Amino acid sequence: TESYAGRTIDVDAAATDDVKMKDLVLTKSLGTLTSDAAVVTGNQMTRRFHVAVAPDTAPGTIVTLTLTASDEHPTSADTTQSKTITILSDANPPAVTVNSPAEGAILLEGAGSKFTVAITAIDAEVGIKKATAVVEGVTHTLTLTSPNVFSKSIDVPNVDGTEDVPKQITITAEDYQNNVTTQQVNVLVRPLIDPNAPLLTW
């Protein structure tokens with residue numbers, strides 16, 4: 001059996017005994033284990049287990065799951081079975097859609113003026129590790145603000161002159177196996193033109 005890192009392995013276990021079931025237990029070689037309550041129906045016990053595998057688990061890692069069933073008879077030996085899960089390699093880069101700014105958007109320069117970089121980034125295999133935007137050589141880390149959406153409010157660059165100044169924003173999304181998708185967005189920064197000199201009072 002195979003699975004990608006960052007996913008949860010669900011195990012539906014069942015055991016029967018000719019007397020009475022006592023317990024049904026799962027152990028794992030790695031990951032975080034949780035379980036639902038056991039359900040007993042006559043001489044059968046069922047239980048669902050969940051093993052969450054960390055997203056940075058290396059490809060090729062073997063996860064060993066061991067299920068143990070025990071009954072109420074004091075001299076009966078436990079029954080044990082094991083299965084292995086191989087962590088797959090992800091060669092696919094994230095899918096990225098730039099939500100804002102739009103290509104060719106005009107950003108207004110000004111004291112405290114900001115604009116928002118927002119993207120939708122999806123990695124169907126192992127998940128998104130980080131998303132960044134580079135503006136004027138400065139790398140800004142985007143924050144996960146809703147499912148699959150990463151964003152950050154960034155200062156509008158200062159520019160000189162009276163004409164709109166072209167700027168490029170480089171946006172990158174990286175998954176947990178270091179696959180990268182990069183997109184560029186070209187915008188215009190409109191200078192703040194203040195024709196009025198300062199007003200002095202004495």
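Pro101 lies in the loop that runs between β9 (95–100) and β10 (106–108), and a cis peptide bond with omega of about 0° links this proline to Ser100. Strands here are DSSP runs of E with at least two residues, numbered from the N terminus. The model is predicted, so local features need pLDDT of at least 70 and side-chain atom pairs count only at pLDDT 80 or more, while totals for chains, interfaces and linings use all residues. Residues are numbered from 1 along each chain as its sequence is written, and side-chain values use heavy atoms, with hydrogens and water left out.

**Backbone geometry**

- Most residues other than glycine have a negative phi, and most peptide bonds are trans.
- Glu136, which is not a glycine, has a positive phi near 55°; this residue belongs to the loop between β12 (128–135) and β13 (138–141).
- Because its relative accessibility is 47%, Glu136 counts as partly exposed (buried means under 20% relative accessible area, exposed over 50%, and partly exposed in between, with a 1.4 Å probe and protein chains only).
- Asn148 also shows a positive phi, about 70°, without being a glycine, and its place is the loop between β14 (143–146) and β15 (149–155).
- Asn148 counts as partly exposed because its relative accessibility is 37%.

**Nonpolar cores**

- A nonpolar core is a set of buried Ala, Val, Leu, Ile, Met, Phe, Trp, Tyr and Cys residues joined through side-chain atoms within 4.5 Å.
- The largest such core contains 22 residues, and Phe115, Val117, Ile119 and Ile169 have the most contacts inside it.
- Two or more residues of this core come from each of β11 (114–122), β12, β15, β16 (165–175) and β17 (180–190).
- Apart from neighbours within four places in sequence, Ile119 is in contact (heavy atoms within 4.5 Å) with residues including Val96, Val98, Ala131, Leu142, Asn148, Phe150 and Ile171.
- A second, separate core has 19 residues, among them Leu24, Met45, Val51 and Val126.

**Strand pairing**

- Two strands pair if DSSP finds at least two bridges between them.
- β10 pairs with β17 in the parallel sense over three bridges, and Leu108 stands opposite Arg190 in β17.
- The pairing of β16 with β17 is antiparallel and extends over ten bridges; Lys167 stands opposite Val187 in β17.
- Four residues separate β16 and β17 in the hairpin that they form, and Asn178 in its turn has a positive phi of about 65°.
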